[in-house]
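Colleague: I have a model open and would like to learn how to read it. Could you take me through it feature by feature?

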Amino acid sequence: MDTLLLSRIQFGANISFHILFPTITIALGWVLFYFKLRFNSSGEERWMDAYRFWVKVFALSFGLGVVSGITMSFQFGTNWPGFMETVGNIAGPLLAYEVMTAFFLEAVFLGIMLFGMSRVPGWLHTLATFLVAFGTTMSAFWILVLSSWMHTPAGFEMREGVAHATNWWAIIFNPSMPYRVTHMLLASGLTVAFLLAGLSALRWLRGDKGADVRVSLVTGLGLGALLIPMQIFAGDMHGLNTMEHQPAKVAAMEGNWETQGNAPLLLFAIPDEIARENRAEIGIPNLASIILTHHADGEIPGLNDFVAEDGTPLHPPVAPVFYAFRVMVGTGMAMLLLSWAAVGFMAFRRRGPEGLPKPLLLALVPMAFSGWVATLAGWYTTEIGRQPWLVSGVMTTEQAVAEVPAPMVATTLVIYLSVYAGLLLAFIGVLYYLASVGRQAKKRGRPDLPGLNPTPAE
Amino acid sequence: MDMFGDPAIWLPLAFASLMGLSILIYVCLDGFDLGIGVLFPFATEAEKDRMVASIGPFWDANETWLVLAIGILLVAFPSAHGVILTTLYLPVAIMLVGLILRGVAFEFRAKAPARRKRLWDLSFWIGSLMASLAQGFMLGLYVMGLEMTPFTLFFGALTAVFLTVAYSFIGAAWMILKAEGELQVKAIQWAQGGIWGVVLGLGAISLASPFVSSRIFDKWFTLPELYFLVPLPVISAGLIFLLWGLLRSLPRESDALCAAPFVLTIALFTLGFIGMAYSFYPYVVPDRLTIFEAASAPESLMIIFVGTLVVLPMIIGYTVLSYVIFRGKATELRYD
């Protein structure tokens with residue numbers, strides 16, 4: 001494998017590992033703020049118990065997000081120096097604002113939020129919780145502005161091969177930014193909704209039916225049921241925006257080779273880029289046209305429009321985009337089905353979580369990480385869908401890569417991958433461990449979970 | 001905004017100063033975090049908990065100064081960022097893996113099952129060690145002008161050890177401030193055992209820089225500059241003797257002067273840093289690329305600069321707030 005491919009795999013692996021954790025912390029910060037507010041207004045201990053459990057998940061996710069994020073800020077330089085050399089004048093300020101308005105805010109107030117409860121007044125602790133949630137959201141905002149700008153660049157001019165900013169307003173509010181930010185924030189909300197529901201369902205099934213588990217479960221299911229229709233709508237809007245600005249990506253998502261009206265929605269197919277056609281197609285007639293243009297005969301862009309005269313494709317690789325998109329949508333459908341069924345059972349049986357059938361609870365457990373699957377699939381769709389461009393129409397991915405010897409990239413790739421695999425296992429393991437420890441602690445009549453320093457004698 | 005003269009001159013200068021300040025703050029603050037990690041094998045189980053508790057609320061913000069420093073290099077001096085980081089590809093990767101292993105251990109060692117705690121303590125130690133050694137190695141290579149020869153690699157290996165010991169020294173100084181009783185006595189011994197790292201580190205860099213580059217030699221050893229520069233090494237030497245004497249007299253009645261070693265160490269690091277900054281200015285890649293050549297377009301720097309003027313005082317403000325909230329001796333860290 002050459003340096004380019006290895007560097008792409010390395011950055012892809014890093015960013016995939018990284019995004020898992022911000023996806024949790026962005027929304028979980030707000031859920032914790034909600035728990036804290038409910039406790040402040042009601043004085044009911046169950047909200048604080050829920051806070052204490054989930055703040056551990058938050059701290060763990062935050063730590064993993066921080067360390068994997070630092071890795072990425074260095075990899076811009078170690079592996080992709082061409083990126084900053086070409087578009088540094090635009091990417092630079094956006095990244096700088098992320099560090100300055102978000103990173104320090106989160107990091108400092110996280111310390112107060114985690115360890116300051118007995119050292120600061122209640123209002124300051126609530127404020128710290130708010131500022132951490134606000135900081136994670138600001139961080140997401142700035143990085144998504146940059147990501148959106150790479151997809152739909154605006155507000156700049158090229159001088160001697162280097163991008164110069166001409167209009168910061170146009171750079172920040174570039175055409176795909178509002179859609180991407182909304183789509184990602186909702187994705188984070190859904191990830192956390194199903195993490196809350198899934199882990200709480202596990203605790204519930206194991207017989208831990210305490211008040212804090214109950215509020216976590218209900219909060220998760222309610223949040224999921226509320227957000228998923230919003231997400232389907234936002235995703236649809238984002239798709240329309242993509243069709244306007246990045247038609248080749250939409251063509252790959254739909255597996256559509258020839259520009260045509262009455263395009264079918266393909267439920268399954270095996271895109272063959274050499275023969276330039278699909279095999280084993282199963283589709284619903286006209287539906288892609290209806291979804292993307294809201295007319296049965298609306299015209300959908302085809303991949304064959306994006307081929308250079310010499311036959312080099314100027315569109316993204318079709319199969320990964322096509323499959324990733326289907327994984328995302330499929331996961332979203334499962335989320336819709338489960339969360340609405342659960343809320344329906346709770347509403348009609350009027351017994352709260354007691355009214356949930358056991359198979360539904362069992363199904364929620366593996367769904368704890370469904371948000372991860374959907375988020376990753378969505379990012380693969382959009383980022384692979386941008387190829388061969390790094391910044392659409394401005395520079396290709398190949399132009400940015402560093403001339404680091406391939407064996408060196410391969411070595412570090414192997415190291416990163418093994419570290420990430422180990423950490424991912426440890427993370428999931430510890431979540432399940434925390435879920436089981438809560439029950440044991442309660443059985444012994446000790447409602448609090450171990451603090452930062454559990455005594456080894458336990 | 002031409003009131004300070006040409007923005008293509010003063011903006012790169014402002015960002016170079018800001019980057020320097022971030023690096024210095026990082027070296028002092030994450031220096032003591034990493035140092036505590038390096039000292040881990042010398043502590044008992046209970047002491048380890050206390051040591052982690054003394055840095056738990058701070059380490060994340062401390063590490064963010066590294067992100068800011070590398071961020072400024074990335075955004076203000078993009079071409080230098082590329083040259084430096086591709087040259088230092090492997091040590092950077094080692095440092096990053098170290099920072100990952102160290103950073104996650106904070107959370108995992110407290111939340112994982114008790115039988116796994118030892119594993120995460122190991123990860124904390126190894127991670128701190130990897131990050132410190134890698135940073136020291138990069139420092140040495142930078143002083144050597146980012147050249148890769150057997151000699152520069154050897155020098156890098158030396159500075160790797162010196163910086164790691166220097167970090168353990170400032171870590172010990174932090175523990176003298178934050179610990180009580182037996183652990184504090186231990187920390188004083190650690191500091192006494194580690195002071196040579198600071199001395200040799202400062203000495204090696206001070207001696208090597210002028211001999212690697214005749215430009216740096218000329219900057220130091222000409223009149224009348226020499227008169228202004230002589231106080232740097234003289235005050236540094238004075239501080240080292242002061243620290244030496246102080247450490248022998250600690251702990252004192254009612255814990256007097258327990259903060260002094262930490263404060264003096266920061267002063268010492270600062271002097272060393274000023275000396276280095278003087279040597280290398282105006283270069284960001286030694287003898288190859290100046291801050292003016294490497295700088296981004298002035299209009300892009302300006303928009304960051306304006307934001308920095310607003311945000312940096314706030315950052316410093318709430319950072320100080322957090323050190324005030326968690327002042328005093330380290331107690332057991334709990335989530336309530």
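Colleague: Is A:Glu354 buried, partly exposed or exposed?

Modeller: Some ground rules come before the answer. This is a predicted model, where local features need pLDDT of at least 70, side-chain atom pairs count only at pLDDT 80 or more, and totals for chains, interfaces and linings use all residues. Residues are numbered from 1 along each chain as its sequence is written, chains are lettered from A and ligands numbered from 1 in the order in which they are written, and side-chain values use heavy atoms, with hydrogens and water left out.

Modeller: Now the idea. Buried means under 20% relative accessible area, exposed means over 50%, and partly exposed is in between (1.4 Å probe, protein chains only). A:Glu354 has 36%, so A:Glu354 is partly exposed.

Colleague: Which side chain meets A:Glu354 in a salt bridge?

Modeller: A salt bridge is a side-chain nitrogen of Lys or Arg within 4 Å of a carboxyl oxygen of Asp or Glu. Here the partner is A:Arg214, at 3.2 Å, N to O. A:Arg214 lies in helix α7 of chain A and A:Glu354 in the loop between α10 and α11, so the pair ties together parts 140 residues apart in sequence. Helices are DSSP runs (H or I, at least four residues), strands likewise (E, at least two), numbered from the N terminus. A:Arg214 is partly exposed too, at 27%.

Colleague: How many salt bridges does the structure hold over all chains?

Modeller: It holds 19. Take B:Lys117 and B:Asp49, whose closest N and O atoms are 2.9 Å apart. B:Lys117 sits in helix α6 of chain B and B:Asp49 in helix α2, 68 residues apart. B:Lys117 is buried at 7%, and B:Asp49 is buried at 13%. Shared partners join B:Asp49, B:Arg109, B:Lys117 and B:Asp121 into one network.

Colleague: What about B:Glu45 and B:Lys48: how far apart are they in helix α2 of chain B?

Modeller: Three residues, about one turn of the helix. Their side chains form a salt bridge at 3.7 Å, N to O. B:Glu45 is partly exposed at 32%, while B:Lys48 is buried at 13%.

Colleague: At what angle do the axes of α3 of chain A and α14 of chain B cross?

Modeller: Axes are lines fitted to C-alpha atoms, for helices over the stretch in contact, and angles run from 0 to 180 degrees between N-to-C directions. These two come within 10 Å and cross at roughly 10°. Angles under 35 degrees count as roughly parallel, so α3(A) and α14(B) are roughly parallel.

Note on methods: Angles under 35 degrees count as roughly parallel, over 145 as roughly antiparallel, 65 to 115 as roughly perpendicular and the rest as oblique.
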